Amino acid sequence: MGDSSYVAANATRGAFNPIYCANPDAMVMNGLWRKKTNLSEFALTTYLVQSIFFILLSRIFEFILSPLHQPPFVSDVLVGIIFGSGFVVKDQKINEIFVSKLGTPLLKLLGNFGLMYVMFLAGVKLDTTLIRGIKGKFAITTAALFVLPICFTFLASFKLGLGKHLIPQETDIRRGLTAYSSTQPNPMTLNDTEGFIKEIKRIGKQQRACFLMFISLALSLTSFPMVLYKVTKLKIIGTEPGRLALSAAAISELVGWVALAALISWWQLHLVAPLYLTCWAILWIVFCLVAVRPAIRWLQCRTPSIEQLTNRYVGLVMVGVAAGGLVNEIVGMHAAFGTIVLGLAFPAGPLAAVLVDRSEEFLTNFMYRFYFITIGSTLDFGSTGGRIVRTNGSKNEGLALMIVILVAMACKLLCGLIVAVSFWMPAKDGLTLGILLLINGPLNYYVLKVAFAKKV
């Protein structure tokens, strides 16, 4: 990338975030009886207060929302919204504890750690025998899931003017160049000026396309862990809509993590990185199927009974899962992608049953909840009104975004009806499949969280 590209890229970036320096020794407190001791000054103490209160409050919300049959993560997000931005709770002393700069990073760390292992367990719990014999239907369902929602959502976002603020106006660029040239001893020539304007507009168009893809992904993907949770709870995992939804959601989850990593690289103007990440994803899937799956089968043959599966084997698998997540993090993928591939490649057997039985409750009911709590804490409704309308974008971006959401939902419902019509299924099954494809989960929220963090 040339100098003009570098300058243009940095011209579109936002301001630097403030840096907070924590005291490395402020981990545990020595007693509340000491003078001038504040709970929010100690990381472990703050984390314990946050975790106890957040989990209890989330359980209360879960009980209140139980008549609506909402998944548990809804109550977790509500807890994060209430205490995250400080918009609902105005008391400064309470916010110092529940929005602490010391305890909150620990919540985020444990939340992502829980996400990594819950993705692995979701892949382990999927019985691949349930989706055998539906290859034709599976292909059409998957194609409709990705082609229709993503394309129509992208087209609707483009036509409604979302993301126009990312393309700077030529008059603004020239005004800025004029002010910049007046401070330089050697002003830019006419050719340099025209080249710079073309370059910065090209980067703006590229970043708008990336912005629209972020929206399309967040609205079009189907969460595999949430679909698995819902079809299991509704006891339709053995029905045709349940099997089709599970198979399509599994592919959606895998492609979604790869697409997210590619979009992050694209937004940062690393144009070759998406190709490398796609190749790595294919290699990782092949490695798990060719090397990891036979190794697990060999291990299960040596310990055929559940009684012989001690915690040593469970711990060995958990370390292997962490290693798989580490390798993917080093390459540039999220650790959750590596672990869900490992889970899907994990063969059914006593070892898989023991893994789920001994670790699922703790991971899903404790660590995994922190992931959604921290996502809710990033939402700041107090500043939303100033971000809805932009001078260079659509005059009614809030309304436009609602229309795009409705388009994405309609496309997913259409996916189910297309499959039903194509294979002579009852219309009720097609509608059930479409509703299952509407289920969102951690990946959808992570796309929005990354977009917010990257100032997309």
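**Salt bridges, helices and cores**

Tutor: Let's start with salt bridges, each a side-chain nitrogen of Lys or Arg within 4 Å of a carboxyl oxygen of Asp or Glu; by this rule the count here comes to three. This is a predicted model, where local features need pLDDT of at least 70 and side-chain atom pairs count only at pLDDT 80 or more, while totals for chains, interfaces and linings use all residues. Residues are numbered from 1 along each chain as its sequence is written, and side-chain values use heavy atoms, with hydrogens and water left out.

Student: Which residues are linked in a network of salt bridges?

Tutor: The network consists of Glu62, Asp76 and Arg369. Glu62 meets Arg369 with an N to O distance of 2.8 Å. That pair links distant parts of the chain, 307 residues apart, with Glu62 in helix α2 and Arg369 in helix α14. Helices here are DSSP runs (H or I, at least four residues), numbered from the N terminus. Asp76 also forms a salt bridge with Arg369, and their closest N and O atoms are 2.8 Å apart. Asp76 lies in helix α3 (residues 72-84), so this pair ties helix α3 to helix α14 across 293 residues of sequence.

Student: Are Arg369 and Asp76 buried or exposed?

Tutor: First the general idea: buried means under 20% relative accessible area, exposed means over 50%, and partly exposed is in between (1.4 Å probe, protein chains only). Arg369 is buried, with a relative accessible area of 2%. Asp76 is buried too, with a value of 2%. Glu62 counts as partly exposed, at 25%.

Student: Where does Lys125 form a salt bridge?

Tutor: Its partner is Glu360, and the closest N and O atoms are 2.5 Å apart. Lys125 lies in helix α5 (residues 103-125) and Glu360 in helix α14, so the pair ties together parts that are 235 residues apart in sequence. Lys125 is partly exposed, at 38% relative accessibility.

Student: What is Val356 in contact with?

Tutor: Contact means heavy atoms within 4.5 Å. Leaving aside its neighbours within four places in sequence, Val356 is in contact with Leu121, Val124 and Lys125. Val356 is found in helix α14 (residues 350-377), and it counts as buried at 15% relative accessibility. The C-alpha atoms of Val356 and Lys125 are separated by 7.6 Å, although these residues are 231 apart along the chain.

Student: How many residues does the largest nonpolar core have?

Tutor: A nonpolar core is a set of buried Ala, Val, Leu, Ile, Met, Phe, Trp, Tyr and Cys residues joined through side-chain atoms within 4.5 Å. The largest one has 87 residues, and those with the most contacts inside it include Phe120, Trp257 and Phe337. Helix α10 gives the most to this core, with 14 residues. Another core, of ten residues, lies apart from it, and Ile55 and Val79 are among its members.

Student: Why is helix α10 described as largely enclosed by the rest of the structure?

Tutor: Because 22 of its 28 residues are buried. Helix α10 (residues 240-267) reaches 39 Å from its first C-alpha to its last, close to the 40 Å expected. The expected span is 1.5 Å times one less than the number of residues. Trp267 is in this helix, and it counts as buried at 6% relative accessibility.

Technical notes
Helices (H or I, at least four residues) and strands (E, at least two) are DSSP runs, numbered from the N terminus.
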